[in-house]
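Student: I've got a new model open and I'd like to learn how to read it. Can you walk me through a few features?

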Amino acid sequence: MRMESDAYQTVPRAVAVMPKSYEGGASTGWHSHPRAQLLYATSGLTLVTAEDGTWVLPARHALWIPPGLSHEVRMHGRVAMCSAYVAPEAVGVLPAGCRVLEVTPLLAAALAALAAEPMLYDESGRGGHLAALVLDEIARAPETSLTLPLPRDPRLRRVCEALLSEPGSPVDLDGWAERAGASRRTLTRGFRAETGMSFGDWRARLRVVRALALASDGHPPHQIARAVGYADPRALRIVTRRVLGGVDLPG
């Protein structure tokens with residue numbers, strides 16, 4: 001697979017799209033690419049850590065990673081991915097730093113279609129037109145704030161990693177503080193200082209992020225609500241609208 005991945009970095013085309021799937025718990029390890037990468041998970045939840053931050057990405061969202069930036073991707077649940085590698089000379093008007101982008105239906109369709117083309121697609125034919133469309137759609141894709149900053153403090157990080165594994169955990173703030181080996185005050189102050197959010201807001205956003213991933217995989221509303229800690233789907237919808245600014249879960 002290493003040789004296959006390298007081929008996508010060196011192919012003489014502006015855009016190369018590589019589909020790949022991972023089992024839950026898999027990790028890419030720390031690595032970088034000579035090309036920019038649009039890391040797009042079509043299903044599942046990915047945790048991406050780079051030199052300039054950490055992001056949790058639900059399905060239908062993508063992370064734009066500049067060329068040469070070292071990063072690691074961890075999978076929560078089975079993940080299907082469709083990565084677009086963009087040649088540096090084609091990056092011009094595209095984002096200069098890491099950005100979380102909303103993948104529009106048109107961009108998703110163009111990525112899937114280009115992935116089905118030969119790696120050495122005809123630049124003057126369908127493949128070339130799809131590559132140009134992918135570049136246009138990346139450049140105009142809306143940036144989203146639906147990211148989940150992770151703290152650097154190892155005590156707070158342990159709490160976050162436990163919640164990532166079990167977002168519906170009923171453990172309250174005092175319980176998490178005890179597990180972290182910190183006082184309630186340290187936990188609450190640390191979360192706000194390192195993430196810009198209260199612990200409650202962070203956990204609510206995590207639950208919405210996971211709910212979006214489950215919804216995109218076709219799970220029914222009651223099952224989604226229970227998986228992320230709500231007895232009633234209505235309660236989850238209220239929290240989702242608050243976190244997403246009035247937008248509800250799909251389906």
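This is a predicted model: local features need pLDDT of at least 70, side-chain atom pairs count only at pLDDT 80 or more; totals for chains, interfaces and linings use all residues.

Student: Let's start with the strand. Which residues of S3 point one way and which the other?

Tutor: The general idea first: side chains in a regular strand alternate between the two faces of the sheet. Here, Gly 53, Trp 55 and Leu 57 point one way from S3, while Thr 54 and Val 56 point the other way.

Student: What joins S3 to strand S2?

Tutor: There are 5 bridges between S3 and S2 (residues 36–50), and the two strands run antiparallel.

Student: On to helices. Which residues of H2 are buried?

Tutor: An α-helix has 3.6 residues a turn, so residues three or four places apart point the same way. In helix H2 (residues 105–115), the buried ones are Leu 107, Ala 108, Ala 110, Leu 111, Ala 113 and Leu 114. Their cover includes strands S1 and S5, S2 and helix H3.

Student: Can we zoom in on one of them? What is Leu 107 in contact with?

Tutor: Leu 107 has a relative accessible area of 1%, so it counts as buried. Leaving aside neighbours within four places in sequence, Leu 107 is in contact with Leu 38, Val 134, Glu 137 and Ile 138.

Student: How do H5 and H6 pack, and at what angle?

Tutor: Angles of 65 to 115 degrees count as roughly perpendicular. Helix H5 (residues 173–180) meets helix H6 (residues 184–195) at about 95 degrees, with the axes 8 Å apart. That makes H5 roughly perpendicular to H6. On the H5 side, the contact is made by Leu 173, Asp 174, Trp 176 and Ala 177; H6 brings Arg 184, Leu 187 and Thr 188. By type, the contact residues are 4 nonpolar, 1 polar and 2 charged.

Student: Last one: how many residues has the largest nonpolar core?

Tutor: That core has 37 residues, and those with the most contacts inside it are Val 159, Leu 187, Phe 191, Trp 202 and Leu 236. Among the elements supplying at least two residues each are S2, H5 and H6. Helix H7 gives the most, with 11 residues. There's also a second, separate core of 27 residues, including Val 15, Ala 36, Ala 84 and Leu 101.

Definitions and conventions
Residues are numbered from 1 along each chain as its sequence is written. Side-chain values use heavy atoms; hydrogens and water are left out. Buried means under 20% relative accessible area, exposed over 50%, partly exposed in between (1.4 Å probe, protein chains only). Helices (H or I, at least four residues) and strands (E, at least two) are DSSP runs, numbered from the N terminus. Two strands pair if DSSP finds at least two bridges between them. Axes are lines fitted to C-alpha atoms, for helices over the stretch in contact, and angles run from 0 to 180 degrees between N-to-C directions. Angles under 35 degrees count as roughly parallel, over 145 as roughly antiparallel, 65 to 115 as roughly perpendicular and the rest as oblique. Contact means heavy atoms within 4.5 Å. Ala, Val, Leu, Ile, Met, Phe, Trp, Tyr, Cys and Pro count as nonpolar, Asp, Glu, Lys and Arg as charged, and the others, Gly among them, as polar. A nonpolar core is a set of buried Ala, Val, Leu, Ile, Met, Phe, Trp, Tyr and Cys residues joined through side-chain atoms within 4.5 Å.
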